[in-house]
Amino acid sequence: MEISSDDLMVGDIALLKQGERVPADGVFVDGCGTPECRLDQSAMTGESAAVVINPKNPVMISGAIVEDGLARMLVVAVGESSQYGILFKNLQEDDEQTPLEEKLDTLARWIGYFGMVAGSLIFAVLLIVYAIQIATGTETISKCLDVLDVNVYRTVCWDREIDLKWDTEALSKITEFAIVAITIIVVAVPEGLPLAVAISLAYSMQQMMTDQCLVRRLAACETMGGATTICSDKTGTLTENRMSVVKGWLLGNTFESIPLGFTPDAHAANVFFNGVALNSTANVAPPKVPGGLPEFTGPKTECALLVFAPHVSNESNYQHLRKTYKDKIVKMFPFTSDRKRMSVAVQVDDDSAYRLYTKGASELILERSAYMVGKDGQITSITDTDREQLNQLIEDLADQGLRTIGLAYREFSDTREFVEADDDDDDEIDPPEYELTLQAIVGIMDPIRKEVPGAVKTCQQAGIVVRMVTGDNLKTAVKIAKDCGIYTLDGLALNGPDFRSMSDTEIDRILPRLQVLARSIPTDKKRLVKRLKANKQVVAVTGDGTNDAPALKAAHVGLAMGRSGTDVAKQASDIVILDDNFASIVMAVLWGRCVYDNIKKFLQFQLTVNFAAVAVALVAALSDRGTPLTATQLLWVNLIMDTLAALALATEKPTPDLLERKPYGLDEKVPISAVMWRNILGQAVYQITVLLLIIYFGAEWLGIEDKGTAHYTIVFNAFV
């Protein structure tokens with residue numbers, strides 16, 4: 001009976017087949033005729049190696065995928081109580097303010113205080129001066145008039161005293177002072193800053209799409225520019241999350257890369273291809289999207305061999321070969337963790353001949369092999385020297401973090417040696433996996449993305465510390481980290497259990513040197529992020545698996561992989577890297593720094609204008625020059641600054657030199673540097689000097705009425 005996974009309850013028995021996702025936490029009951037199955041738990045644990053599930057290791061976690069075999073599972077936890085559900089609950093935490101938002105809040109408070117003080121001071125000065133004038137009873141007003149004298153116009157000026165008293169005109173004057181003070185406060189506060197920030201972020205978000213970065217949270221554009229450390233997952237982020245044959249020994253030749261540097265014997269190559277194709281339960285499908293990677297189904301090591309085999313033989317269509325030999329397969333001996341190998345007996349083209357193809361742990365296959373295929377395709381006995389050299393090769397490959405697989409075959413004239421029992425006794429048959437002919441010993445690994453070492457180096461040059469956090473074993477993690485350029489001689493690599501046993505103080509002490517965290521679980525990665533944040537680091541986290549979701553959510557910026565990432569990882573992230581390219585993270589950093597710089601440029605421009613306007617108004621009020629800049633004029637200038645200036649300054653594009661400096665991090669309390677203060681004060685002093693000269697001497701120089709409409713119009717034009 002089939003039911004929805006949402007309807008599963010504790011105590012149910014679920015039947016799982018190859019390729020299906022485990023819907024709940026459970027315990028392995030049996031393999032439906034097989035002793036075990038294999039689970040791909042990389043999405044939940046980050047470990048690329050398949051996990052063998054059998055009565056000795058019966059725990060099956062939700063979110064894993066059945067890679068090989070069948071399983072009946074007793075459900076023990078569903079919904080929020082399952083491992084998958086616990087991860088979802090960890091994603092419900094409230095979002096924190098970004099570092100930029102915190103800095104701008106601080107800056108806004110300071111500017112607000114400055115505006116309030118300046119506005120209050122100007123109002124007080126204007127009111128006191130006017131009160132003194134009323135107390136003396138008179139106010140001197142200068143008047144000028146152009147007159148015609150002997151066919152020549154000349155300006156005649158005179159002073160006139162008028163009586164002052166507390167009446168409705170005085171109230172109107174005080175109201176005018178209040179309006180000017182309020183206007184100063186409005187001008188001082190950079191209310192156009194949120195608009196500039198929004199324009200810059202929106203523009204950057206659009207441009208980042210062309211660099212394969214999909215921004216899900218707008219503020220993350222800028223925050224990425226201030227990142228001081230990146231905690232990267234290994235599987236699927238630094239590596240391709242697909243096993244590949246990279247080096248080894250094949251048909252008498254050694255190879256260090258793909259494609260091969262030699263042409264093997266045609267017959268031997270075809271026998272090798274047949275063994276890979278027939279002694280396998282895996283499938284490799286074409287990419288779903290143009291330029292994508294092939295889709296793997298089944299054990300990843302078998303998929304790697306299927307991809308590698310066409311490089312050896314002229315054959316490439318393994319599906320056609322399987323159809324051809326479908327009725328010629330005599331017996332299959334599946335892989336088990338006890339045997340560490342699998343075999344298939346096949347009737348070859350000659351009806352009287354049979355061939356047993358075997359593959360498994362390289363040391364076991366070599367031990368059971370008596371012969372090997374040479375460079376010319378000839379079969380020779382394995383000498384003690386050959387065996388010693390091949391064992392050394394296996395050790396060397398293992399030291400490089402590679403998983404080694406041996407492939408061999410044996411030919412028979414009849415089937416009596418491997419078919420001697422009824423079907424009910426199949427499990428008791430001991431396949432004749434001895435006196436084999438060795439074909440290959442290959443090293444398989446999850447290869448590093450070719451762009452990663454360069455991208456890591458660029459991040460390090462930009463002052464960003466890159467750390468690897470993975471569920472894989474320590475030896476493999478260190479090897480990958482060295483190849484990526486993450487692990488250095490003075491760095492520290494730590495196992496997850498050791499990390500979990502440490503106190504927060506001990507972790508804080510090793511953080512500067514910690515570069516690799518292996519055998520980690522989701523809570524380890526999240527705890528690492530929180531400790532880094534507690535040490536004033538701006539943290540970005542990359543990941544593609546469901547196990548990465550809590551850390552993606554806890555970080556300042558979460559970066560999920562678009563192609564290989566799970567839906568849960570994408571939901572928890574702030575930015576999705578559409579091409580799964582670690583180098584695209586560098587572009588996200590570049591755009592983030594550009595946004596920050598654009599915001600600083602707008603701040604510098606607006607604060608210069610604000611300081612000049614407030615200073616001129618204050619000095620004019622203190623020296624009885626009235627209000628040279630009216631409320632309407634100040635508001636007009638503010639409107640222009642908040643729109644056109646924001647649009648112009650907030651949409652500048654980044655330059656490569658932005659990555660040649662250290663990140664600003666959290667040490668910069670407000671986004672105004674010493675250079676900015678120099679520019680703001682220098683330009684403001686220049687503007688104030690020019691405006692005050694025009695206010696005090698402009699009327700005399702230009703021969704116009706002092707403090708008149710024409711005089712203060714010139715002041716306003718000079719200010720603009």
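This is a predicted model: local features need pLDDT of at least 70, side-chain atom pairs count only at pLDDT 80 or more; totals for chains, interfaces and linings use all residues.
Residues are numbered from 1 along each chain as its sequence is written. Local features need pLDDT of at least 70 and side-chain atom pairs count only at pLDDT 80 or more, while totals for chains, interfaces and linings use all residues; side-chain values use heavy atoms, without hydrogens and water.

**Exercise 1.** Determine which elements of the protein chain have the lowest and the highest mean pLDDT.

Solution. pLDDT is the predictor's confidence in each residue, from 0 to 100. The protein chain has a mean of 82, and 88% of its residues reach 70 or more. Helices (H or I, at least four residues) and strands (E, at least two) are DSSP runs, numbered from the N terminus. The lowest mean, 58, belongs to strand β8 (residues 138-149), and the highest, 94, to strand β19 (residues 369-373).

**Exercise 2.** Find how many disulfides the structure contains, then examine C221.

Solution. A disulfide is a pair of cysteine sulfur atoms within 2.5 Å. The search of the whole structure returns zero. For C221, the nearest cysteine sulfur is that of C213, 9.1 Å away. C221 has a relative accessible area of 0% and is buried (under 20%; exposed is over 50%, partly exposed in between; 1.4 Å probe, protein chains only).
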